[in-house]
Amino acid sequence: MKKLLFFIPLIALSIFLSTYFYYSSLVDEAEVKKELSIEDMKKELLASASQSVASNNLVLFEKIVKNLQNRTSLQNVNIKLKKYYFSDELLLKSVASIDESWNILEISIDAMQGTIAYMPDGRYEILTNDKNSAPANITIKFEVEKNSIIKEFLYIYETQKEIKTDKSTAELKSLSYEENDFTLTFEYGDISINKEDIADKTRSFLLNILFITISVFILFVLIYNYLIRPKFRKTIESLNEYIKNILDGRVIKEVSIPKEFSNEFGLLNQNILNLSKKNFSLSSELSISKDIIYQKEKTDELTGLPNKKSFENDIKYMFIANKNGFIIQLKIDKIGEFTNNHGPELVDALIEEFSYLIKNFLDTNPKYDGTIYRFFGAEFAMIVYDVTSQEIEDMLIEIIEITKKLSYKYYFFENEIYYGATPFDNYGTIESILQSAKDTYENAIKEKSKHYYIADEKNQQELNKKLEQSVKEIIARKDFVLQYIYDTYDFNSSPKLLMQEVSALIVDSLTLECIPSRKFLSVAKKLGYIMDFDKALIEKVLFEIELGKFTHKICIALSSTSLSNQLFLSWLEEFLKTTPYRKNLIFVAPSYSVASNYDKFVSFCTFLRNNELEFMIKQYHISDLELQKLLKLSPSYLRLERAYCQDFKRDSSKQHIVKQILLFCDENGIKVLGDSLKNEQDYLAFEMLGFYGTSR
Amino acid sequence: MPFETDPVFKDKFLNAPKEFFTINITTTSSIDSAAKLLKDEDIVHESFVFKFGKNGEWYKLMYGVYPTYAEAKSALDSLKKLSELYLPVIEKISQKQELYKRFNKK
């Protein structure tokens with residue numbers, strides 16, 4: 001509707017022009033009428049003069065002139081006869097009491113005025129004494145007779161007549177016509193156009209056209225609002241619904257767009273249906289392909305078991321979800337020797353069967369919620385959730401019993417399969433947990449007889465208690481130093497340092513050993529001190545920036561607990577208001593953490609944008625977080641996972657994924673960073689692709 | 001004894017110069033009416049009555065012979081009663097001399 005306002009000046013111009021042309025036509029018409037009326041008036045006047053003179057009836061002429069004077073601009077008129085004819089008929093008709101049955105005996109006029117001559121045609125002519133100056137009126141005496149009765153009458157013969165008018169006109173034009181029998185002189189006013197009449201007509205025209213325009217406009221608005229718009233909206237809503245269905249991956253079987261738009265919408269219906277089917281088919285194919293790729297990436301090809309990457313993801317999940325359980329490392333020992341003796345085919349068969357037995361055991365025993373992973377060769381791992389030491393021992397005994405038959409089947413006379421189980425350490429890292437599992441596995445080999453070893457849970461609990469105490473003290477004293485890692489440079493010929501990520505270097509004051517950052521944060525989170533630590537971290541970073549230590553940006557990773565806490569965010573908002581170096585900070589989080597706490601991060605990113613602060617997603621892997629999900633987060637930076645960056649040039653699938661990511665980020669204003677680029681060719685490729693920067 | 005115009009005046013009238021003036025009093029349909037009118041007005045000796053018309057049925061009454069129009073006018077003004085009853089007109093005498101001759105040929 002706002003666009004309609006654009007037409008108002010055009011409509012106003014059209015109305016103005018129409019009115020102007022109408023006014024001009026009225027003026028032209030009035031001019032023509034004026035000319036015509038003057039010409040008509042002259043013609044009528046002359047005709048009536050001729051007729052009146054011929055019939056000796058200037059009275060009739062006077063009547064016609066008076067009528068003309070009323071109708072036209074004719075003013076004073078003077079008619080002067082040149083010859084003075086009359087007839088019996090004229091005289092007889094001049095007296096009401098007689099008629100033409102009476103006979104005229106004699107006609108006479110006063111000798112001073114002239115004499116009467118008899119014309120051959122029976123008429124009479126008055127011959128005045130002075131031919132140049134006849135009296136205005138000549139008195140004719142006539143005597144009539146009927147049945148011996150004689151009567152006398154007088155007839156006043158007018159030789160000229162002046163018919164005046166009271167009208168006054170500023171400009172007068174005078175005209176004189178000399179005819180054979182008379183001289184006609186008259187005056188007329190120069191008719192002025194009736195401007196008031198024209199103005200009235202123009203005003204009336206304007207009002208009418210305005211009325212029509214407004215009526216049409218109102219009609220149009222009503223038709224648009226109550227007829228076109230609802231229909232149009234209904235159609236668009238239908239289309240939207242269909243498109244939404246298509247986007248949601250549902251197949252549309254029938255489209256019910258209003259039938260009145262028959263042909264075109266019929267075609268549209270068909271196209272929508274085709275599009276829906278095609279889209280569904282494509283997305284099905286795509287998701288199958290995607291599933292296959294993901295499956296392949298996380299699955300061991302030989303056994304179909306999840307691989308080490310899958311194991312690491314599940315461990316991450318355990319950290320995030322704060323799960324309990326046991327991690328078991330298991331291995332068919334001396335597999336190399338076995339291969340030499342029996343060939344790789346048999347080894348593969350052994351590994352496959354071994355995998356199947358354990359997987360089948362876990363699947364058929366609901367009391368054990370666990371998964372077996374194949375790392376490589378004959379090395380496996382297991383995660384068993386929510387079990388005690390006793391339960392894990394029972395499970396291992398059962399597994400050992402099941403797998404015994406393999407010794408006979410594959411001439412595997414010594415059972416060389418060992419199991420090392422360690423409780424899941426919530427404070428640990430993937431590496432520390434794997435190391436712990438490896439240690440228990442070594443113990444199992446040492447013990448030999450049992451084929452398994454289970455780490456003491458209590459021992460770990462004691463260690464954790466000591467760790468918790470240390471963490472409390474460190475946070476209370478803010479007793480940690482900062483180190484800066486992930487130096488990220490741009491791609492200039494002399495690369496400029498763009499950013500670094502801060503990491504706390506924490507030393508246990510009792511053992512004087514470094515506490516791994518991951519472990520420290522886990523403990524702090526569990527104890528409820530994580531926000532205090534995050535605050536201390538931010539304060540220390542800003543203090544060092546203020547000291548002038550850095551001109552580049554510093555990335556800070558906050559815990560999900562802090563960034564979703566309103567009190568913490570209020571503190572952060574207030575604290576950052578006081579510092580001019582807020583622009584030097586980039587808040588950062590790994591993509592798997594963002595994916596696990598997506599809603600919290602969406603809210604946190606909104607907070608950051610409102611406070612003009614930047615956010616970066618690091619270790620970005622498309623399987624953690626779909627590209628579309630980035631839209632709500634709208635990060636300033638995206639650092640790709642290391643796996644995408646290494647051996648980039650040699651892996652076409654990586655190139656394809658990275659190009660897709662770059663395209664998406666370019667469209668959405670996200671700067672993309674590489675991670676740990678080692679290879680020079682990869683570095684050049686990233687530079688060519690327009691990466692913002694990279695760490696090396 | 002039917003009325004007759006004074007022969008002296010008749011002669012004077014008919015022989016008067018053409019440019020002289022006379023007064024055309026009226027026309028009557030009988031000689032008696034003409035005689036009565038002249039007697040009533042006492043202008044018998046200055047009047048000339050003669051017949052005219054196809055059948056000579058009309059009598060024209062003329063009065064006086066005047067060398068000028070002014071004299072004729074003065075005479076007409078003196079005939080007030082006559083002027084009220086009739087419509088006398090001053091005419092050139094020649095017109096009536098011709099009229100007489102046209103209808104009174106011997």
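Guide: Chain A has a secondary structure of 22 helices and 24 strands, where helices (H or I, at least four residues) and strands (E, at least two) are DSSP runs numbered from the N terminus. The model is predicted, so local features need pLDDT of at least 70 and side-chain atom pairs count only at pLDDT 80 or more, while totals for chains, interfaces and linings use all residues. Residues are numbered from 1 along each chain as its sequence is written, and chains are lettered from A and ligands numbered from 1 in the order in which they are written.

Of the 696 residues in chain A, 28% are buried. A residue is buried if 20 or more other C-beta atoms lie within 10 Å of its own, exposed if 12 or fewer, and partly exposed in between, with C-beta atoms placed from the backbone. Among contacts in chain A between residues at least 6 apart in sequence, 65% join residues at least 24 apart; two residues are in contact if their C-beta atoms, placed from the backbone, lie within 7 Å.

Now the part in question. The contact between the chains takes 14 residues from chain A and 15 residues from chain B. On the side of chain A, β3 (103–109), β6 (137–146) and β7 (149–158) each supply at least two residues, and β3(A) gives the largest share, 4 residues. By class, this side of chain A has 6 nonpolar, 3 polar and 5 charged residues. In this scheme Ala, Val, Leu, Ile, Met, Phe, Trp, Tyr, Cys and Pro count as nonpolar, Asp, Glu, Lys and Arg as charged, and the others, Gly among them, as polar.

Those 3 strands of chain A form an open sheet in the order β3-β6-β7, with antiparallel pairing; two strands pair if DSSP finds at least two bridges between them. β3 and β7 of chain A are the edge strands, each pairing on one side only. From one strand to the next, the twist averages 25°. Axes here are lines fitted to C-alpha atoms, for helices over the stretch in contact, and angles run from 0 to 180 degrees between N-to-C directions. β3(A) and β6(A) pair in the antiparallel sense over 6 bridges, and in β6(A) the bridge partner of Ser108(A) is Lys141(A). In a regular strand, side chains alternate between the two faces of the sheet.

The loop between β6 and β7 of chain A holds Asn147(A). Its phi is near 55°, a positive value in a residue other than glycine. Asn147(A) counts as exposed because 7 C-beta neighbours lie inside 10 Å. Ser634(A) also has a positive phi, near 45°, in a residue other than glycine. Ser634(A) lies in the loop between α19 (627–633) and β22 (637–640) of chain A, and with 15 other C-beta atoms within 10 Å Ser634(A) is partly exposed.

For another sheet in chain A, take the 3 strands in the order β2-β5-β4, an open sheet with antiparallel pairing. The edge strands there are β2 (85–86) and β4 (114–118) of chain A, each pairing on one side only. β4(A) and strand β5 (residues 124–128) of chain A pair in the antiparallel sense over 5 bridges, and Gly114(A) has Thr128(A) in β5(A) as its bridge partner.

In strand β1 (residues 21–28) of chain B, 7 of the 8 residues are buried, so β1(B) is largely enclosed by the rest of the structure. β1(B) pairs in the antiparallel sense with strand β4 (residues 89–92) of chain B over 4 bridges, where Ile23(B) stands opposite Ile90(B). β1(B) also pairs in the antiparallel sense with strand β3 (residues 58–66) of chain B over 6 bridges; there, Asn24(B) has Met62(B) as its bridge partner.

Last, a helical part of chain A. Helix α8 (residues 344–364) and helix α9 (residues 389–403) of chain A pack at an angle of about 140°, with their axes 10 Å apart. α8(A) and α9(A) are therefore oblique to each other, given that angles under 35 degrees count as roughly parallel, over 145 as roughly antiparallel, 65 to 115 as roughly perpendicular and the rest as oblique. In their contact, Phe354(A), Leu357(A), Ile358(A) and Phe361(A) in α8(A) meet Glu398(A), Ile399(A), Ile402(A) and Thr403(A) in α9(A). These residues divide into 6 nonpolar, 1 polar and 1 charged.
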